[in-house]
Amino acid sequence: MPADPITPRELYLNRRTWLRGGLIAAGMGATALVYQRLNGVDLVVSEQPALEGFVPVPPDGLARGFTTTEPTNSLAAITNYNNFYEFSTDKDGVAAAAKDFDTTGWKLEVGGLVTKPRTYDLDDLRRRFPPEERIYRMRCVEAWSMVIPWAGFPIASLLAEVQPLSSAKYVAFETLHDPARMPNQKRAVLPWPYVEGLRMDEAMNPLAILATGLYGQHLPPQDGAPIRLVVPWKYGFKGIKSIVKITLTDRQPPSTWNIQAPGEYGFYANVNPTHDHPRWSQATEQRLGESGRRDTLMFNGYADQVAHLYAGQDLHVDY
Ligand code: MTE
C-alpha cells in the first residue's frame, strides 16, 4: 500500500460536505447515480435497493461489540473513499470505475473440508440469512478509519450449514477473477485473484460477518458487492470483497497482501497500536471527517470479544 497513508484532499471528507451529497442522493430513488464536483473530486453517489428482512442491532448489541456510540461516517464518504485494486488503486477513483460492475447471477461456492459442500445463489443466500445490522469501526492498515453501518450475517451461520469436518482449521476466501468485469486485473498490480483467510475460531467469532449491505441497502460495487468479509478487529485488508469461493482447509491459507509484501503485512493482521508498520506508526489513526488524530485501540476496541483467541500468541511474531 502507498507510503503516504493519507493526503490532505482526503481530509475534505467532512460531515457537512458529505451531507449535501447524501441529501441529493436521498431525492434520487433506488439505483440512482449522480456525479458532483466538490473540491476538485468527482463524487459518485450510489443508491442501492433497500435490503429485505433487515434486522436492527439487538438491545444487548453494544456490550457484544455489534454497535458503537461513535458517529457513523456518511454513506457518501463510505462509498467514495475505497480500496479495491481490481478497479483502481486511487481511493477516490474506485466508485466511478466500479459503478457498472454487474453482479447478476452471482454464485458463492462453499467447499473443502466440509460434510455438505454447496453453491449458493446470492438471492437464496440473502433469504436464508437475513441481513443483521452491525455498526463497526474499520481501521485500515494505512492508519485511517471509519465507522460503517454494515448489514450481514455471521460466518458461523454459513459454516453451520455446510458442516466443517474436524480436520478443518482455516477458512480461505477468494474474490472473483474476471478481467473483463474487473479491469485492473489486466494489470499486475497485485497477484490475482485477491485471496484472504481466517483461522477457524476467528471465523466462528460472532463479530466476523459476511456483509451484503450498507446503510440498510444492498452493498454497492465499490464496497465489495454482492458479498464481502468484515472482521472489525483486523486491519481492513482482511475484508476481502466480491467473494465467489470459500474453502475450508487444514493449512493456513495465502493472503494477498502477505504474498505481495511479507515483511509488511502478516496473516493475522490484528489491529495493534504497539506493532508499527515498517514504514509508519500504528499508534494513532485519522478518522475520516475528524480533524485531530485518535489513539488506535488494541484489536480496534474489540479486545473484550476477541483477545482470548490469541492467548499465548506473541502478536509481534504472529502479526
Ligand atoms: N478486496 C479486494 N478483492 N480487493 C482489494 O483491493 N482492498 C482491501 C479490502 N478488501 C481490497 C479488498 C483493503 S486494503 C481495505 S482497507 C478494504 O477492502 C476497504 O474496504 P472499503 O473500500 O469498503 O472501505
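## Overall make-up

The protein chain holds eight helices and 14 strands. The model is predicted. Of the 319 residues in the protein chain, 55% are buried.

Among contacts between residues at least 6 apart, 71% join residues at least 24 apart.

## An open sheet of five strands

Five strands form an open sheet with mixed pairing, in the order β4-β3-β12-β7-β8. Its edge strands are β4 (118-121) and β8, each of which pairs on one side only. From one strand to the next, the twist averages 15°. Helix α5 packs on the sheet and touches β3 (107-112), β4, β7, β8 and β12. The direction of α5 makes about 130° with that of β4.

Two opposite pairs can be picked out here: Val171 stands opposite Leu198, and Ala172 stands opposite Gly197.

## Strand β8 and Gly197

In a regular strand, side chains alternate between the two faces of the sheet. In β8, Val195, Gly197 and Arg199 point one way, while Glu196 and Leu198 point the other way. Residues on both sides are buried. Strand β8 (residues 195-199) is largely enclosed by the rest of the structure, because five of its five residues are buried.

Gly197 lies in this strand. With a relative accessible area of 1%, Gly197 falls under the 20% limit and therefore counts as buried. What is Gly197 in contact with, leaving aside its neighbours within four places in sequence? The partners are Val171, Ala172, Phe173, Lys238, Pro253, Pro254 and Phe267. The C-alpha atom of Gly197 is also separated by 9.9 Å from that of Thr249, and these two residues are 52 apart along the chain.

In soluble globular proteins, nonpolar side chains tend to be buried together. In this model the largest nonpolar core has 81 residues, and Phe173, Leu210 and Trp233 have the most contacts inside it. Strand β6 (residues 144-154) supplies the largest share of this core, five residues.

Phe173 shows what such a position looks like in detail. Not counting residues up to four places away in sequence, Phe173 touches Ile155, Tyr194, Leu198, Leu210, Leu229, Ile240, Ile243 and Ile246, among others. Its partners also include Val195, Glu196 and Gly197, and Gly197 belongs to β8.

## Salt bridges

How many salt bridges does a search of the whole structure find? The search gives 21. One of them joins the side chains of Arg137 and Glu70, with 2.8 Å from N to O. This pair links distant parts of the chain, 67 residues apart: Arg137 is in strand β5 (residues 132-139), and Glu70 is in the loop between β2 (41-46) and α2 (75-78). Arg137 counts as buried because its relative accessibility is 11%. Glu70 is buried too, at 18%. Both residues belong to a network of salt bridges with shared partners, made up of Glu70, Arg137, Arg139, Glu285, Arg287, Glu290 and Arg294.

Glu202 and Lys234 form another salt bridge, with the closest N and O atoms 2.8 Å apart. Glu202 lies in helix α6 (residues 200-204) and Lys234 in the loop between β11 (228-230) and β12 (243-249), so the bridge ties together parts that are 32 residues apart in sequence. Are these two residues buried or exposed? Glu202 and Lys234 are both buried.

A further salt bridge connects Glu161 and Arg128, whose closest N and O atoms are 3.0 Å apart. It joins helix α5 (residues 155-162), which holds Glu161, to helix α4 (residues 122-128), which holds Arg128, across 33 residues. Glu161 has a relative accessible area of 23% and is partly exposed. Arg128, at 36%, also counts as partly exposed.

Technical notes: Residues are numbered from 1 along each chain as its sequence is written. This is a predicted model: local features need pLDDT of at least 70, side-chain atom pairs count only at pLDDT 80 or more; totals for chains, interfaces and linings use all residues. Side-chain values use heavy atoms; hydrogens and water are left out. A nonpolar core is a set of buried Ala, Val, Leu, Ile, Met, Phe, Trp, Tyr and Cys residues joined through side-chain atoms within 4.5 Å. Buried means under 20% relative accessible area, exposed over 50%, partly exposed in between (1.4 Å probe, protein chains only). Helices (H or I, at least four residues) and strands (E, at least two) are DSSP runs, numbered from the N terminus. Contact means heavy atoms within 4.5 Å. Two strands pair if DSSP finds at least two bridges between them. A salt bridge is a side-chain nitrogen of Lys or Arg within 4 Å of a carboxyl oxygen of Asp or Glu. Axes are lines fitted to C-alpha atoms, for helices over the stretch in contact, and angles run from 0 to 180 degrees between N-to-C directions.
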